[in-house]
Amino acid sequence: MILINLKQNLAAPPTEIINVLLDHERLNRFFNAQFLLLKPQNCGQINGGKGAVRQVRTSGYTFAEQVISASDNHICYQIVGNKPVAAHQGDIYLTVIEKQAFISTELTYSIQCISPWWMPSFILKFFIKNDIKNALTKLERYFKECTT
């Protein structure tokens, strides 16, 4: 089992960050992939939230991810099926950090999955971790530019 936990401080409140992260078809601004919304959220859920299914195309793979739950401070999603990795679940947690009159948010991105039999776990972990680090850096830059 591969476990990855990364943190990033963002210059925005959690609700703004959630809105950006649930804008599925524009996630390519941050992640090294192309996204297509296949199914919208379930009735009564926040926009892009629980029940939404997105197609992801990256590194020669095409697969679907489904949002399992979404709130103002947490997103949980899973890959549908076992390709390109098995038992993949991503959790994004948002915690408010208040410094005087300015609000920022600590984002914690946790991923767990099982590497395919033909790829050593440490190699897959390296690539996933690198992609997420780059995405979080782009996300940080995006929110910095929004506040200036």
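Two residues are in contact when they have heavy atoms within 4.5 Å of each other. Keep that in mind as you click around this predicted model.

**Stop 1: the core.** Start with the largest nonpolar core, which has 37 residues. Select Ile-17, Leu-21, Phe-31, Leu-107, Tyr-109, Ile-132 and Leu-139: these touch the most other members. Now colour the elements that give two or more residues to this core: β1 (2-10), α1 (14-21), β4 (61-71), β5 (74-79), β6 (86-99), β7 (102-114) and α2 (121-147). Which element gives the largest share? That's α2, with seven residues. As a general rule, in soluble globular proteins nonpolar side chains tend to be buried together.

**Stop 2: Ile-17.** Zoom in on Ile-17 and leave aside its neighbours within four places in sequence.

**Stop 3: Thr-108.** Next, pick Thr-108, which sits in strand β7. Is Thr-108 buried or exposed? Its relative accessible area is 14%, so Thr-108 is buried, the cut-off being under 20%. Not counting residues up to four places away in sequence, Thr-108 touches Leu-6, Lys-7, Asp-91, Ile-92 and Tyr-93.

**Stop 4: out to the surface.** Met-1 belongs to the segment before β1. Why does Met-1 count as exposed? Because its relative accessibility is 62%, and exposed means over 50%.

Conventions. Residues numbered from 1 in each chain as written. Predicted model: local features only at pLDDT ≥ 70, side-chain atom pairs only at ≥ 80, totals over all residues. Heavy atoms only, no water. Core = buried A, V, L, I, M, F, W, Y, C linked by side-chain atoms within 4.5 Å. Buried < 20%, exposed > 50% of the residue type's maximum accessible area, 1.4 Å probe, protein only. Helix = DSSP H or I, 4+ residues; strand = E, 2+ residues; numbered from the N terminus.
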